Amino acid sequence: MGSTQQNAPHQLSNSFSVDLNCDMGESFGAYTIGNDEAILPFVTSANIACGFHGGDPAVMKKTVLLALQHKVAIGAHPGLPDLAGFGRREMAITPEEAYDMVVYQVGALLAFVKAEGGKLHHVKPHGALYNMAAVNNALAEAIAEAVYKVYPEAVLYGLAGSELINAGHKIGLATANEVFADRTYQQNGTLTSRRLPDALITDHDKAVQQVIRMVKEGKVLSQQGVDIAIKADTVCIHGDGPHALSFATRIREALLNEGITLEATTGK
């Protein structure tokens, strides 16, 4: 991962603006994951699973329609072909394989969006693919190329300051630096591995405080006790936890109370 020294948070004159995104459409077949319909009114963009780590054609169409109904920006959420592991287990894939996977999945979601009269707004890789691309330049460039060739108007969402953001800039995509409300950070700017007990922030107060500080101060406290610079164009909240809805309402209210405007990011 590149330097943790990044630009100041997205700021318009004396005000702050941020996108609030959530992973959605991850149910499939007879299995229901998350609470998409309830959470959609509280976010500004939705990352819709494309059938590899979660989702299926019927769920993709339904989630696209819900996002359009709530006027939420629609993004493709391509992941590794690992339904059993929910796309969170690393796989030894080549850059060419990463390219093919992303083209396939973005193309599928793009078709549903077009069929329903909408417009694709962004692409955000999922889970292990996202984390691998954050530190692996070859994978990051393959993913960025896939997005650019399928839909160059899309904003590429990636971990703030990561190789994926760098690759998006290099190929000419608009990019959005993403931060996480409920995850802890390492001193090099990466997320703490989910295999470790301190990876998730379960205290809603701490999660909200972390987000507000990232947006307004451009800083986050790492697990090593050191502040690192971070750019927050978009904040991810997760929709599959037991308290996802209450947290979505809580963080939206807290951001608005801090004078932070919530809107889908246009990227840079």
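Of the 268 residues in the chain, 54% are buried, where buried denotes under 20% relative accessible area with a 1.4 Å probe and protein chains only. The model is a predicted one, in which local features need pLDDT of at least 70 and side-chain atom pairs count only at pLDDT 80 or more, whereas totals for chains, interfaces and linings use all residues. Residues are numbered from 1 along each chain as its sequence is written, and side-chain values use heavy atoms, with hydrogens and water left out.

The average pLDDT of the chain (the predictor's confidence in each residue, from 0 to 100) is 93, and 95% of the residues score at least 70. Over residues 2-13, however, the pLDDT is below 50, although this stretch has 33 contacts in the model beyond near neighbours in sequence, a contact being heavy atoms within 4.5 Å.

The chain contains eight helices and eleven strands, assigned as DSSP runs (H or I of at least four residues for helices, E of at least two for strands) and numbered from the N terminus. Its radius of gyration is 17 Å, close to the 18 Å that the globule rule gives for 268 residues, so the chain is as compact as a globular protein of that length; the radius is taken over C-alpha atoms, and the rule is 2.2 Å times the number of residues to the power 0.38. Among contacts between residues at least 6 apart in sequence, 74% join residues at least 24 apart.

In helix α4 (residues 127-135), the buried residues are A128, L129, Y130, M132, A133 and A134, and their cover includes α3 (95-115), α5 (137-150), β6 (155-159), α6 (163-171) and β7 (174-180).

Key: Buried means under 20% relative accessible area, exposed over 50%, partly exposed in between (1.4 Å probe, protein chains only).
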